[in-house]
Amino acid sequence: MPSFNVQRYGARGDGRTDATEPFLTAWSLACESRARAMVYIPRGTYLVRNLVFWGPCKNIITFKIDGTLVAPENYWSIGSSGYWILFAKVNRISVYGGILDARGAGYWSCRKKGGHCPQGARSISFSWCDNVLLSGLTSLNSQNIHVTVHHSSNVRIQNIRIRAPSGSPNTDGIIVQASSGVTISGGVIGTGDDCIALNPGSKNIWIERLNCGPGHGISIGSLGEYANEEGVQNITVTSSIFTKTQNGVRIKSWGRPSNGFVRNVQFRNLVMRNVENPLIIDQNYCPSKKGCPNQSSGVKISGVTYANIKGTSATPVAMKLDCSGSNHCTGITLKNINLKYMRRSSASYCKNAHGRASGVMIPRNCM
């Protein structure tokens, strides 16, 4: 297949010379190729500003990264557009390997000081893309979200490594929204926010063999921020380990009216290691206490299974199912749960939650 090496178009792997234009040139030529084509980034360190790789392309594209891409030191240079590396309207794209270092520390510092900061850039994003493979990528120190998938379908993310400090604000690992047929398999995510967040319109999602921590766990939501919102359905999280995370598996919705829903969710074969809230449904999410106090969540949660989940809780209440007063959670299934706190049985808390339990139940079933 034709290969378009970014060095041929002027990119230098010295970490200092701006390689943005050579990258865009290589992409443009590959995208116009009538044969399957490759964009190739050899070993070296490449300084790049915002990169938007537009499709549709004329054939299948392979984007192979053997080097490291770094963002400019000045966080404004990529932070004001919201995206660092964006693939848009591309069908049949495979991205292999490579390291992305967004050098987000200066931006996080601005955020923490409450200064005048840009919106922050997501490190790598796929928007309106179909048939995507992202394999073997390492994403470091994103300003904001490391990987985003939205308005896309048939996406595979495998063997990914994501790292940012636990105190870095809003550095979610992977966010999926308005997308279907997304598989995330194998990888290590340690960051300052959710390892994975599934937002409105996520459906037919499979997550397996993930090591999550530090971070806020795997979250469905927050949902119900808006009155009219797509639901989340057909989600499986399996064979994964959570270590010292704020949450394990969480479903979170705002305490306000909405037509949103969550249904057909499987959380199974999971290990919790010193996790603060291993199993949690929170339908009273109301940050800053504005726009939602004393209201009830309209998000309808049904058909959620927790099966074969074991390990340790860092707090006495290992299972908290706090459901909406106007839309009770229904069809909750608990099977073989064994979560200890300080080597003793943990506690559970249920409100407006309905379902059944079987097998080992530590903490006790409170539905």
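How much space lies in the largest pocket? In this predicted model, local features need pLDDT of at least 70 and side-chain atom pairs count only at pLDDT 80 or more, while totals for chains, interfaces and linings use all residues. Residues are numbered from 1 along each chain as its sequence is written, and side-chain values use heavy atoms, with hydrogens and water left out.

The space in the largest pocket comes to about 580 Å³. The lining of this pocket consists of 23 residues, and those closest to its centre are Ile 175, Gln 177, Asn 199, Ser 222 and Glu 225. Two or more lining residues come from each of strand E14 (147–150), strand E16 (174–177) and strand E20 (218–223). With three residues, E20 gives the most to the lining. By residue class, the lining of the largest pocket holds seven nonpolar, nine polar and seven charged residues. Here Ala, Val, Leu, Ile, Met, Phe, Trp, Tyr, Cys and Pro count as nonpolar, Asp, Glu, Lys and Arg as charged, and the others, Gly among them, as polar. A pocket is an open set of points on a 1 Å grid over the protein atoms alone where a 1.4 Å probe fits, with protein on both sides within 12 Å along at least five of seven lines; lining residues have an atom within 4 Å of a point. Grid points are joined across faces, edges and corners, and the volume is the space filled by probe spheres set on the points. Strands (E, at least two residues) and helices (H or I, at least four) are DSSP runs numbered from the N terminus.

Five disulfides (pairs of cysteine sulfur atoms within 2.5 Å) are found in a search of the whole structure. One of them joins Cys 110 and Cys 117, with 2.0 Å between the sulfur atoms. This disulfide is left-handed, because the torsion about its S-S bond is about -105 degrees. Cys 110 and Cys 117 are both buried, where buried means under 20% relative accessible area, exposed over 50% and partly exposed in between (1.4 Å probe, protein chains only).

A disulfide is also formed by Cys 195 and Cys 212, whose sulfur atoms are 2.1 Å apart. Here the torsion about the S-S bond is about 90 degrees, so the disulfide is right-handed. Cys 195 lies in the loop between strand E17 (180–190) and strand E18 (196–198), and Cys 212 in strand E19 (residues 203–212), so the pair ties together parts 17 residues apart in sequence. Both of these cysteines, Cys 195 and Cys 212, are buried. Cys 323 and Cys 329 are likewise joined by a disulfide, at 2.0 Å from S to S; the link is left-handed, with -105 degrees about the S-S bond, and both Cys 323 and Cys 329 are buried. Cys 129 is buried too, at 0% relative accessible area. The closest cysteine sulfur to that of Cys 129 is in Cys 57, at 9.3 Å, which is too far for a bond.

The structure contains six salt bridges, each a side-chain nitrogen of Lys or Arg within 4 Å of a carboxyl oxygen of Asp or Glu. Arg 49 and Asp 18 form one, at 2.5 Å from N to O. This pair links distant parts of the chain, 31 residues apart: Arg 49 is in the loop between strand E4 (45–47) and strand E5 (51–54), and Asp 18 is in strand E2 (residues 14–18). Arg 49 is partly exposed at 34% relative accessibility, as is Asp 18 at 33%. Lys 58 and Glu 32 also meet in a salt bridge, at 3.0 Å from N to O. Lys 58 lies in the loop between E5 and strand E6 (61–65) and Glu 32 in helix H1 (residues 20–32), 26 residues apart.

Aromatic pairs number twelve, with rings of Phe, Tyr and Trp (its six-membered ring) paired if their centres lie within 6.5 Å; planes under 30 degrees apart count as stacked, over 60 as edge-to-face and the rest as tilted. The rings of Phe 23 and Tyr 46 are edge-to-face, because their planes are at 70 degrees, with the centres 5.8 Å apart. Phe 23 is in helix H1 and Tyr 46 in strand E4, 23 residues apart, and both Phe 23 and Tyr 46 are buried. The pair of Phe 53 and Phe 87 is tilted, with ring centres 5.1 Å apart and planes at 35 degrees. One aromatic cluster is formed by Trp 27, Phe 53, Phe 63, Phe 87 and Phe 126.
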